[in-house]
Amino acid sequence: MENLVQLAMQNVNFAAIMPSLVLCCFGMAILLINVFMPRGKTTSASLISIIALLVTAVVSLQGWNNPQFGFAGHVALDNFATFFNMTFLLAAGLTILMSDDYLRREGYPIGEYYPLILFSTAGAMWMASGTDLMTIFLGLEVLSISLYILAGMFRHQLQSNEAGLKYFLLGAFSTGFLLYGIALLYGVAGTTNVADIGLYLSAHPAMIGNPMTVAGMLLMSIGFLFKIAAAPFHMWTPDVYQGAPTPVTAFMSAGPKAAAFAALMRIFILGLAGLQSEWTSLLWGLAILTMIIGNVTAIYQTNLKRMLAYSSIAHAGYALVGLVAANAVGVSGILFYMLAYTFMNLGAFAVLVLAGKKGEENLTLEGFSGFGFKRPFLGVAMTIFLLSLMGIPPTAGFAGKFYIFAGAIKSGYIWLAIIGVLNSAVSLYYYLRVIVYMYFKDPQEDYSWVSMHTGAVVSIVIAIVGVLYLGIIPGKIMEMAKLAIF
Amino acid sequence: MHDYSLIWLIPFFPLVGFIVNGLLGKKIGNEKVIGAIGTLAIAASFVVSCKMFFQLLGDVEKTHEVILFSWMSVGQLQIDWGFLLDPLSALMIMVVTGVGSLIHLYSNGYMHGEEGFYRYFAYLNLFCFSMLMLVLGNNALVMFVGWEGVGLCSYLLIGYYFEKKSAGDAAKKAFVVNRVGDFGFLIGLFTLFWALGEHGVWTFQFTKIAENAHLLPAGGVVVTVATLCFFLGATGKSAQIPLYTWLPDAMEGPTPVSALIHAATMVTAGVYMIGRMNGLFSMAPDTMMVIAIVGAATAIFAASIGLAQNDIKRVLAYSTVSQLGYMFLAMGVGAFSAGIFHLMTHAFFKACLFLGSGSVIHAMHHAYHKAHLHDDPQDMRNMGGLAKKMPITFITFFISTLAISGIPGLSGFFSKDEILWWAFSSTRGGWILWLIGFIAAGMTAFYMFRLVFMTFFGKQKTDARAKDHVHESPLVITIPLMVLGLLALVGGWVGIPAALGGANRFEHFLAPVFEHAQETYGIHSQHSLHAFEFPLMGCSIGIALVGIFLAWIMYVKNPELPGRLVARFRWLHTAIFNKWFVDELYDGLFVNATKRLGRYFWKGFDVPVIDGIVNGVGWLVQGSSRVLRFIQNGQIHSYAMTMVLGMVVIVAVYVFK
Amino acid sequence: MLDSYLPIIVLIVIALAFAVGTIVMSHLIGHRKPSAVKLAPYECGMPLVGSARERLSIKFYIIAMLFIVFDIEAVFLYPWAVVFKRLGMFGFAEMGVFIFILLVGYVYVWKKGALEWE
């Protein structure tokens, strides 16, 4: 007891948790402001949220090349965390930009929406900067609980309810695995600190082959693989993505995925480096399975949100390839890929947000017939995002895939890279079909309901710039990603 | 010291054209302004290309790399947005921008009044940009950018008339088939990247690949596999067996597009790629043999199909496939410069032929429109006697036909003959390859003259109501025709072989690119066979004349003969002993059998087998998709069950490992 | 080792024997005169009205949840109070922040009207 108190007192360093502190304070402030505002007035909340994200970005950048540690080795604001924080903040920012008018159109101008996004972003940031399994778990829960609410936010829509409930039940289920895994690892190493686990394992090589260690590693990874939406823990993804409000889906496809990758990378590379041969063979198989299931199932989808859900599974598979490679190129490739994916996927969802009618019944392939000619800007934007998702140069998606596959080849996983390329070839089919419908089908409607809301348009423009910048001059960001890994 | 730093302007101008027309085209609205922007963009890059080309001619140093800025870097691997100017790429940019400018000009007239005029020019400029990136890229990834870009533009332009279902289908087919090839290209690239990486060289840069290729064992598995994969990529883009099926369908696009993309430039990308990596290909004799065989087979196969077609553009499409086969034959036997030579001359005469056919179609369409008829303006059986109505079109078309048929003095003769000579005499060739090419040459002469005779000679078979509305096309269409016709006439004179007293300046110009590999791996024409050079030349002239003669007999002298032959085929068994019919019968048997073979290949092989394979793969993927969808049943307990099962399987794998 | 568990086992046996014995005995020697009132589930309570499977107002749940949330707060206060002196001002400030966050929640809940029954 005495020791614990001493420890807690010694390592107080608010700089290490400042970004999430700022974000949470803003979140609470917005929550209170909402209560005192008339119902349905949410624009100010969204504006304050944007400011909150900008402030947090500035605060977080203080940690770049100036690592902050604190709280008895529970938290670290290092380059790795900073890079991921930027990705989360970007995802949250684009989401909030496209949300305001959307929520009003769908008839749910709920002020709590924005604080919840901020809180889940803060949770994601804890996952990236947590250096202790418990901190990471805490972050995961903050992230998830906010998302459960957001997914089921449209209270009178059955699909949204279903999404919230399914996400909650299965999420809780996977968290059980995660905790069990953490418990086993604690049993092995006597600590939950990631770096200490690594030290213990290198000091006791005999424990590496111990079934308890391996089982702990496996069970813990399941918790994160669930959030990443890797097969076979991906089943929730299509239903939840389809049912949840579109901006929430957009956020879910980028933020939590990146956060789970961050946690997985820190734990595997720092803590479980001794088990590398075990987890590479695990991830090798799952990466292939995930890519194949995601791409093959996406072919059959006619609902675009659902199609993008499967595509998100497939992209998780590509990113896993980088972790299998486990070298500097592959791992920094994941950081790059997550950023690139945030740009392209949120861009695509922003187009869906604008293109949908109330209720979003029309977000199908048929519903996009001739869209490209009637709405040229959105058509071109969607085409760019889809090309990037396909991995056609010179877009961000290509550069990302390039780094990841180059990493895999460097580590000698040439077959994995080939399977990855083959999968991207399959993925062309369903992405391309959207372009076919947009440009090669006669328009059924005049799309007059599409109004170009400022927020969503701004987020689309940001996404286009990002996709092209990362595609044409990826060098600079990639350099930063390289500085960010351990 | 010459300065090449402005080379980036060459792809830059079309890009600007694309952006301006793409973004503002709808607002501009005025066809003349849009057309002028598009045409000037490519013309400007033609001017820059000329400057670069002539600068390079006078330069001692023949290989120049211009780096714009860094693209990606991974460890020692450095990938730049960089350009490579050497004789090969210099030649290619001349062809692309030169022919491209003419076709842009032509499009101003041809596409007049079409809906989405700005869209057309935007795509066309984007295509030129991508094609220039493809040929100028100093590393394989920039080339890949162009490679994908041209594929995309080709797709967009084939599907230009998207309201027609067939156009949409053709576009899709082209894209899907091309993806198979692109996949091969990428796998080849990965294999090469990894194999060189094993030796500590991580690079995509062409010059570095060429420098370090010797690290890999010549003729070894790695080189063979990598080059075969590259070749698969080439067969997709350049429409060779087994991936040629998309090209004839691609004729659904506007005719100038067929001329530029599906005849003169994009489809030659595969040939260019092999030329660019000739050092690597020379190291893999097995791959070279495959290339030569596939090239020769495609040449004769496509030519035989061309015999049986009635759609004017379809004949030209199969002819293109066949001529591309010649180019690959040349690459396969190590006659790199001959292949590129044929690429150039083919660009001239085939572009001229396509544009000429476009002019005819334009006139027919116009006439039918005036007469309120809905006949097919592309069917040759409705034409005939157009020579008098459309003299300029006819003369240029005729010159190009002579060129493709291999009549001495015209461009096609020199290039095709050089290929045939190399096929015969090269250390990597053989007389069978020559024989196949030789027969295909005869077929080429026949079907091309059949086309000319059916279209321009004889009586006009057009519906009487439309007959008088057929007129020569306006100047904007005929000027490109005249320029291309002239090039088809004289374009080959730069490569007159030494045997005919020429200097073969073309080969000397390209020598710095190809010489090294040819010398290192002993690829040359065998001296012991040089006595055959003149006789072989005579043979190929002879078979061309025979082909023309047969066509003349059947379609001019005796226009009802083909019909009679078909009719007579029924009582063939009684006539076969009749001496009086021997000549006609012989011709009939030969021609008709070939025709039937052609039709068999077209209907019997193409459709069920190739499409069957394509559909089969699709069915497999769709089937498994259906199964996966079944598991995704929406029941939350089955989702949880899947998770548990997945975990159990994973743990089991670890336990029993 | 196991010897030390013997008293427990003895206790269990005795308890079981007493419980089972009592029920069996009363069943055997008891005097029975059943009537409708006696057979009702709650013999000495309210008369039974309607089904037990009734829907309860959601407000009960909200109140219950709020109760738990604020109840947990007290759980945190105990250990904090035990080491309060050693934590000093820093500990005081930390708990102040914690209480403040709950206060924000409380204000939110109040203004949202979750505490009003009607």
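Student: How many residues of chain C are in contact with chain A?
Tutor: Chain C contributes 9 residues, which are in contact with 6 residues of chain A; two residues are in contact if their C-beta atoms, placed from the backbone, lie within 7 Å. On the chain C side there are 6 nonpolar, no polar and 3 charged residues. Here Ala, Val, Leu, Ile, Met, Phe, Trp, Tyr, Cys and Pro count as nonpolar, Asp, Glu, Lys and Arg as charged, and the others, Gly among them, as polar.

Student: Before we go on, what kind of model is this, and how is it numbered?
Tutor: It is a predicted model, in which local features need pLDDT of at least 70 and side-chain atom pairs count only at pLDDT 80 or more, while totals for chains, interfaces and linings use all residues. Residues are numbered from 1 along each chain as its sequence is written, and chains are lettered from A and ligands numbered from 1 in the order in which they are written.

Student: Which chains share the most contacts?
Tutor: Chains A and B do, of the 2 pairs of chains in contact. That contact takes 46 residues from chain A and 43 from chain B.

Student: Which element of chain B gives the largest share?
Tutor: The largest share of the chain B side is 12 residues, from α6(B). Elements giving two or more residues include β1 (64-74) and α26 (582-631) of chain B; helices (H or I, at least four residues) and strands (E, at least two) are DSSP runs, numbered from the N terminus. By class, this side has 24 nonpolar, 13 polar and 6 charged residues.

Student: And how far apart are chains B and C?
Tutor: Their nearest C-alpha atoms are 25 Å apart, and the two chains do not touch.

Student: Turning to helix packing, at what angle do α12 and α13 of chain A cross?
Tutor: The axes of α12 (residues 276-298) and α13 (residues 304-325) of chain A cross at roughly 155° and come within 8 Å. Axes are lines fitted to C-alpha atoms, for helices over the stretch in contact, and angles run from 0 to 180 degrees between N-to-C directions. α12(A) is therefore roughly antiparallel to α13(A), a term used for angles over 145 degrees.

Student: Which residues make that contact?
Tutor: Among them are W284(A) and M291(A) of α12(A), and Y310(A) and Y318(A) of α13(A). The contact residues divide into 17 nonpolar, 7 polar and no charged.

Notes: Angles under 35 degrees count as roughly parallel, over 145 as roughly antiparallel, 65 to 115 as roughly perpendicular and the rest as oblique.
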